[in-house]
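Thanks for coming. I have one structure to go through today, and I will keep to the geometry. Here it is.

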Amino acid sequence: MKILVLGATGALGRPLVKALRAQGVDVRAACRHPEAGADLAALGADVMAADLTDRASLQRACAGVDRLTMAAHGMLGRGRWRSDAVDDAGVRTLIEVACDAGVQRLVYCSALGAAADHPVDFFRTKYAIEQALAASRLPQVVVLRPSAFMEHHVHGFNGLSLLSKGKVDLIGPGSKTRNFVAASDVAQIALHALLDDPAPFARLDIGGPDHASNAEVAALYSRLAGVPLKLNHLPRGAARIIAVLARPFNPGLARIMGLFALPDDAFSERFVGAAELEARFGLRLTRLDEFVRAQVQAWRAA
Ligand SMILES: NC(=O)c1ccc[n+]([C@@H]2O[C@H](COP(=O)([O-])OP(=O)(O)OC[C@H]3O[C@@H](n4cnc5c(N)ncnc54)[C@H](OP(=O)(O)O)[C@@H]3O)[C@@H](O)[C@H]2O)c1
């Protein structure tokens, strides 16, 4: 069986390719910059270039593939790679190409809370693609709906800045309660979604065991790294103005500014069910403090 992971070098894609290779699965690993996948090629993955905005590259990526995971996105993209071109039109093209190529199962990474009336366009797009998949000719569709990945939202957009620059820039007060999940844990569930027969679920909300606000995450880094806590807050009103000004030329930046400028109760980022996920998949989901401790140790070692 040949499996395609599209978005193979991402927070989700990379651990998924590694887990598949660890089980001896024949994996094609695709993204726009295959040179970033040298470690995956070294594990025996067939690393190749593919771009959701390039139909011919998707046809090459899907040729001979039995199952695939869509783990790419363009939430922060602009120009050719703006979100509507990648996450909407691009994924619709992928669905058509996968059907024509005879792909039997498509595992789609949506997002927790995706809905037709979500206040953020990206989550509306995720929901629209869930609907398009349900109406497609694909024999099997599996939808993962994870909460915010720790690798990006806890570390990349938050704690890393405190460690490397001594300060964290937050949009708004950073007071909203959010659920975070390790993408490496999501990869373990994606592994079941890809390999189990029959598919273990049709659609699954996925989250971690802990909730925190962005300000609390920064404080956790400060405590565990022993560095002073310095938070800069961009007022929500200023973020809203930047969002309007940036939208024509940088829709990704506009989206992030607009998203974090929303009131805390505009949409929920809570998740209930981590214990059930652990029991169902025989996993121990990464705790927030464990994740942060590991990032601090890795940063010190580097
Ligand atoms: N991050 C989160 O908090 C979060 C939460 C819920 C759901 N999700 C969903 O989970 C999936 C994986 O997200 P992630 O955070 O792991 O992504 P990520 O770390 O940002 O990585 C994105 C991956 O997709 C590739 N990619 C980007 N644009 C592409 C394009 N136009 N064509 C083909 N490949 C492209 C990237 O490599 P190149 O740059 O080389 O192309 C990379 O391999 C996405 O569908 C995302 O929407 C993410």
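Let me start at the ligand. Two elements, β7 at residues 148-149 and α6 at residues 150-165, each give at least two residues to the shell around the ligand. Please keep in mind that this is a predicted model.

Which residues come nearest to the ligand? They are Gly7, Gly10, Cys31, Arg32 and Ala72, out of 30 residues around the ligand. Sorted by class, that shell holds 18 nonpolar residues, 10 polar ones and 2 charged ones.

Now the chain as a whole. The chain contains 12 helices and 12 strands. Its radius of gyration is 19 Å, and the globule rule gives 19 Å for 302 residues, so the chain is as compact as a globular protein of that length. The C-alpha trace spans about 55 × 40 × 35 Å along its principal axes.

Next, helix packing. In general, a pair of packed helices is described by the angle between the axes and the distance between them.

On the α6 side the contact uses Met150, Val154, His155, Gly159 and Leu163, and on the α12 side Leu288, Phe291, Val292, Gln295 and Trp299. By class, this contact of α6 with α12 has 7 nonpolar and 3 polar residues, and no charged ones.

The second pair is α3, residues 55-62, with α4, residues 83-101. Here the axes come within 9 Å and cross at roughly 40 degrees, and α3 and α4 are therefore oblique to each other. This crossing is right-handed. From α3, the residues Arg55, Leu58, Gln59 and Cys62 meet Thr93, Leu94, Val97, Ala98 and Ala101 of α4. The contact of α3 with α4 divides into 6 nonpolar residues, 2 polar and 1 charged.

The class count for α4 with α5 is 7 nonpolar, 2 polar and 3 charged.

One backbone detail to finish. The peptide bond joining aspartate 197 and proline 198 is cis, with omega at about -5 degrees. Where does proline 198 lie? Proline 198 is in the loop between α7, residues 183-195, and β10, residues 203-206.

That is the last item, and I am happy to take questions.

Methods: Residues numbered from 1 in each chain as written. Predicted model: local features only at pLDDT ≥ 70, side-chain atom pairs only at ≥ 80, totals over all residues. Near = placed C-beta within 6 Å. Helix = DSSP H or I, 4+ residues; strand = E, 2+ residues; numbered from the N terminus. Nonpolar A, V, L, I, M, F, W, Y, C, P; charged D, E, K, R; others polar. Axes fitted to C-alpha atoms, helices over the stretch in contact; angles between N-to-C directions. Parallel < 35°, antiparallel > 145°, perpendicular 65-115°, else oblique. Left-handed = near helix turned anticlockwise from the far one by under 90°. Contact = placed C-beta atoms within 7 Å. Rg over C-alpha atoms; globule rule 2.2 N^0.38 Å.
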